[in-house]
Amino acid sequence: MEGSRFVESLDPHHLRFEAQERVMALQFGAVDKRLERIEALIERLEKRLWMTVYGVVAVILTQAVQSLIEFASKGG
């Protein structure tokens, strides 16, 4: 049995298949890392977007309160 195992390990198709598996594993690892970086960038962008939305809402509410205060002081 050991002899056939040795011959199998020298089989060019077997070696090519193993090499292709290693290359694919490296490629998937690289894609995984890129996806993780993209996800981190998206999370940061999402946080910035929400901060912008909250900022705009705060400005609008501040202007509305100021208008109410001015209206109340003129009317009273």
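In which helix does Glu46 lie? Glu46 belongs to helix α2, which covers residues 12-75. The structure is a predicted model, in which local features need pLDDT of at least 70 and side-chain atom pairs count only at pLDDT 80 or more, while totals for chains, interfaces and linings use all residues. Residues are numbered from 1 along each chain as its sequence is written, and side-chain values use heavy atoms, with hydrogens and water left out.

The overall picture comes next. Of its 76 residues, 0% count as buried. Here buried stands for under 20% relative accessible area, exposed for over 50%, and partly exposed for what falls in between (1.4 Å probe, protein chains only). The accessible surface of the protein is about 7500 Å², and carbon and sulfur atoms hold 66% of it. Such areas come from the Shrake-Rupley method with a 1.4 Å probe, and for residues only the protein chains shown count as cover.

Charged side chains deserve a look of their own. One salt bridge is counted, the rule being a side-chain nitrogen of Lys or Arg within 4 Å of a carboxyl oxygen of Asp or Glu. The partners are Glu18 and Arg22, whose closest N and O atoms are 3.7 Å apart. Both sit in helix α2, four residues apart, or about one turn of the helix. Glu18 is partly exposed at 29% relative accessible area, whereas Arg22 is exposed at 53%.

Glu46 returns as a member of a negative surface patch, together with Asp32, Glu36, Glu39 and Glu43. Patches take residues with over 30% relative accessible area and no salt bridge, joining like charges within 9 Å and nonpolar side chains (Val, Leu, Ile, Met, Phe, Trp, Tyr) within 5 Å. Asp and Glu count as negative, Lys and Arg as positive, and His and the chain ends are not counted. A charge is placed at NZ of Lys, CZ of Arg, CG of Asp or CD of Glu. Glu46 itself is partly exposed, with a value of 44%.

A nonpolar surface patch is made by Leu49, Trp50, Met51, Val53, Tyr54, Val57 and Leu61, with about 740 Å² of accessible area together. Leu61, found in helix α2, is exposed at 53%.

There is also one aromatic pair. The rings of Trp50 and Tyr54 have centres 5.9 Å apart and planes at 35°, so the pair is tilted. Rings of Phe, Tyr and Trp (its six-membered ring) pair if their centres lie within 6.5 Å; planes under 30 degrees apart are stacked, over 60 edge-to-face, and the rest tilted.

Terms used: Helix = DSSP H or I, 4+ residues; strand = E, 2+ residues; numbered from the N terminus.
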